[in-house]
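Student: I would like to learn how to read the features of a model such as this one, beginning with the annotated span and moving on to the core and the helix packing. Could we go through them in turn?

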Amino acid sequence: MADDTDLDALSECALAEMARVRPVLDKIADKWTILILTVLCPRPARFNAIMRRLDGITHKALADALKRLERNGLVTRTVLPTAPIGVEYAITPLGHSLRQPFEALCTWALDHGAAIEAANHEHDSIKARQ
């Protein structure tokens, strides 16, 4: 772990660049982006295949997210010459560059999810007694 001096420097740098960082984080750190890109990382997929892999996402939420990801250059949309016409989504090199940070975030979530749940439970128990 970095020492306090390194953490202070990293924090100062992040805060100084917040005007540039925040808009980018807003585009990649929403509810579905990480999961959609995780589905597309190994191979392209059609809309319904993506939807089946993402339990709980609505048709509209997936369609909106894919349009946003395409606009941001993280996925491509290819119309396939099939009958009926099919559409396939694939991750771009820019989207693929998020693989390592997203994998680290998913690993962190798996490692610390129980601790967060325990903290929620403890907090709620204290609030209920007050």
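Tutor: Let us begin with the elements: helices (H or I, at least four residues) and strands (E, at least two) are DSSP runs, numbered from the N terminus. The model is predicted, so local features need pLDDT of at least 70 and side-chain atom pairs count only at pLDDT 80 or more, whereas totals for chains, interfaces and linings use all residues. Residues are numbered from 1 along each chain as its sequence is written, and side-chain values use heavy atoms, with hydrogens and water left out.

Student: Which residues does the UniProt annotation cover?

Tutor: The unreviewed UniProt entry places "domain: HTH hxlR-type" on residues 13-117; such positions are given in the numbering used here, feature names are shortened, and annotations may be inferred rather than shown by experiment. That span is 63% helix and 13% strand, and its end C-alpha atoms lie 32 Å apart.

Student: Which residues of the largest nonpolar core touch the most other members?

Tutor: In soluble globular proteins, nonpolar side chains tend to be buried together. A nonpolar core is a set of buried Ala, Val, Leu, Ile, Met, Phe, Trp, Tyr and Cys residues joined through side-chain atoms within 4.5 Å, where buried means under 20% relative accessible area, exposed over 50%, and partly exposed in between (1.4 Å probe, protein chains only). Here the largest core has 24 residues, of which Ile36, Leu37, Leu40, Ile50, Leu54 and Leu62 touch the most other members. Two or more residues come from each of α3 (33-40), α4 (47-53), α5 (59-71) and β3 (86-91).

Student: Is α3 buried or exposed?

Tutor: Since 6 of its 8 residues are buried, α3 is largely enclosed by the rest of the structure; the buried ones are Thr33, Ile34, Ile36, Leu37, Val39 and Leu40.

Student: How do α3 and α5 cross?

Tutor: Two packed helices are described by the angle between their axes and the distance between the axes. The axes (lines fitted to C-alpha atoms over the stretch in contact, with angles from 0 to 180 degrees between N-to-C directions) come within 11 Å for α3 and α5 and cross at roughly 75 degrees. The two helices are therefore roughly perpendicular, a word kept for 65 to 115 degrees, with under 35 roughly parallel, over 145 roughly antiparallel and the rest oblique. Contact (heavy atoms within 4.5 Å) is made by Thr33, Ile36 and Leu37 of α3 and by Leu62, Ala65, Leu66, Arg68 and Leu69 of α5.

Student: Where is the cis peptide bond?

Tutor: Most peptide bonds are trans. The cis bond joins Ala83 and Pro84, with omega about -5 degrees, and Pro84 is found in the loop between β2 (75-80) and β3.
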